[in-house]
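This report goes through selected features of one protein model. The sequence and structure come next, followed by the notes on them.

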Amino acid sequence: MKFIYRWPSTEGKFGNFGGKYVPETLISALADLENTYRTAIKDPSFKKELSFLQRTYNGRPTPLTFAQRLTKYYGRARIYLKREDLCHTGAHKLNNALGQILLAKRIGKKRIIAETGAGQHGVATATVCACLGLRCMVYMGEVDMERQKPNVFRMQILGAKVRPVTSGTRTLKDATNEAIRDWVTHVRDTYYLIGSVVGPHPYPLIVRNFQAVIGRETKIQIKQATGGHMPDYIVACVGGGSNAAGIFYPFINDQMVNLIGVEAAGEGLNTSRHCATLLKGTPGIFQGMKSYLLQSKEGQVAEVHSISAGLDYPGVGPEHSLLKDIRRVKYAASSDKQALAAAILLARYEGILPALETAHALAYLERLMPDTSRNEIVIVNISGRGDKDLNTIIQEAKI
């Protein structure tokens, strides 16, 4: 029987996950967003404008690069890299930001807010706001601001106000909390441009669908590159999970394609210093959604750690939670040290410096490749470039 994937439901549920757990103040805004989105995606003028911007501003389609030297290094399956690092701003985040900013324009909101961890979504949001002349406020934890200074400077140069978040762990979780508080207070004139497949419905659906351009292109490109063959494996890093959702979704009904999401093992899964939500978490309600969550037995959100700011998050998108439970996607984790080694390996063998988030997916090749054969195909989603992580890589790897 052919596998058919139809989620989310009309209520925004991915099986037992997802939903809309928000204050009453936001219900109307979320309904307006969903109605606007569903109307927009059927409107030829919206699709034409978004396609035009993706092509002429974002630089799509991004290439699918055969990693010749990396393939030779492992001596097994052929490795291809989906080059989201070549998007304008240096990561996949602009795919979603462009789509959502057009929705904000349709709704008539003039003030845009966003949260960011690694800074790439903040840069993407600041970029589209500059492009369309809208006010922009980005919330970012103090810890992330320190380790991602280049992206803070980029946002400021683009005209965005970057608001430091000093509460909690001062990372992505806390930045998101502050953005939600702002939204509740200013819901009439403010659009919250969420950067991952998280939050209340319809955000996980919207972000996944705007990011699915990655997988649609990949499916065409790999067939062109290999004479019609489909990949045997697709590997992507998972924090909130938008780059993984984007490349996985167009392949979900193709059961012969193995989908692998790689979380951050931090300093080890046997410690409390990791972000492996799907591997070590339990279901809970967090920031407007029900999903897997790293939490205590009492239901308190756990403090988490990753060398990569973009994976430093105790939750995950609800669709990933469903895909774990139905076993359509295999989830694994790579440590800080493994990610660092993988980033340097790709740089030295292919001349491509990946973001530390992406490097977690690349690190999984050490475990995957020995079990592959020479006639198989592996695709790794290179979700972002590593310029922002240079200081961390140099310091931690002692280069």
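At 16% relative accessibility, Tyr74 counts as buried, where buried means under 20% relative accessible area, exposed over 50% and partly exposed in between (1.4 Å probe, protein chains only). Tyr73, at 39%, is partly exposed. The model is a predicted one, in which local features need pLDDT of at least 70 and side-chain atom pairs count only at pLDDT 80 or more, while totals for chains, interfaces and linings use all residues. Residues are numbered from 1 along each chain as its sequence is written, and side-chain values use heavy atoms, with hydrogens and water left out.

## Aromatic pairs

A pair of aromatic rings is described by the distance of the centres and the angle of the planes. Rings of Phe, Tyr and Trp (its six-membered ring) pair if their centres lie within 6.5 Å; planes under 30 degrees apart count as stacked, over 60 as edge-to-face and the rest as tilted. The structure holds 11 aromatic pairs. One of them joins Tyr73 and Tyr74: the ring centres are 4.9 Å apart and the planes stand at 85°, so this pair is edge-to-face.

Tyr192 and Tyr203 have ring centres 6.3 Å apart and planes at 55°, so their pair is tilted. This pair links distant parts of the chain, with Tyr192 in strand E8 (residues 190-192) and Tyr203 in helix H9 (residues 203-211), 11 residues apart. Helices (H or I, at least four residues) and strands (E, at least two) are DSSP runs, numbered from the N terminus. Tyr192 is buried at 2% relative accessible area, and Tyr203 is buried at 1%.

## Charges over rings

Tyr5, Trp7 and Tyr249 form one aromatic cluster. The ring of Tyr249 also has the charged end of Arg208 over it, 3.7 Å from the ring centre. A charge sits over a ring if NZ of Lys or CZ of Arg is within 6 Å of the ring centre and within 35 degrees of the ring normal. Lys219 lies over the face of Phe251, at 5.0 Å from the centre of that ring.

Helix H4 (residues 93-107) has 15 residues and spans 21 Å from its first C-alpha to its last, close to the 21 Å expected at 1.5 Å a residue; the expected span is 1.5 Å times one less than the number of residues. H4 is mostly covered, with 12 of its 15 residues buried. Among the buried residues are Lys93, Leu98, Gly99 and Leu102. Gly108 follows H4 and has a positive phi, near 95°.

Leu53 lies in helix H2 (residues 44-56) and counts as buried at 14% relative accessibility. Leaving aside neighbours within four places in sequence, Leu53 is in contact (heavy atoms within 4.5 Å) with Asn58, Leu98 and Leu102. Leu53 and Gly99 are 46 residues apart in sequence, and their C-alpha atoms are 9.3 Å apart in space.

## Two further buried residues

Thr176 is in helix H8 (residues 172-185) and is buried, with a relative accessible area of 8%. Not counting residues up to four places away in sequence, Thr176 touches Glu115, Tyr192 and Gln287.

Leu346 is in helix H14 and is buried at 1% relative accessibility. The C-alpha atoms of Leu346 and Arg69 are separated by 9.3 Å, although the two residues are 277 residues apart along the chain. Outside the four places on either side in sequence, Leu346 has contacts with Leu70, Leu81, Gly351, Ile352, Pro354, Leu362 and Ile382.

## Cavities and pockets

On a 1 Å grid over the protein atoms alone, a cavity is a set of points where a 1.4 Å probe fits but cannot get out, and a pocket is an open set with protein on both sides within 12 Å along at least five of seven lines; lining residues have an atom within 4 Å of a point. Grid points are joined across faces, edges and corners, and a volume is the space filled by probe spheres set on the points. There are 3 cavities of 30 Å³ or more by this rule. The largest cavity has a volume of about 400 Å³. Its lining comprises 30 residues, of which His92, Lys93, Ser196, Ser242 and Gly310 lie nearest its centre. Strand E5 (111-116), helix H5 (120-132), H8 and helix H11 (242-248) are the elements that give two or more residues to this lining.

The largest pocket has a volume of about 560 Å³. It is lined by 24 residues, of which Arg147, His305, Ser306, Ile307 and Glu396 lie nearest its centre. Helix H6 (142-147), helix H14 (336-350) and helix H17 (390-397) each give two or more residues to the lining of the largest pocket, and H17 gives the most, with 4 residues.
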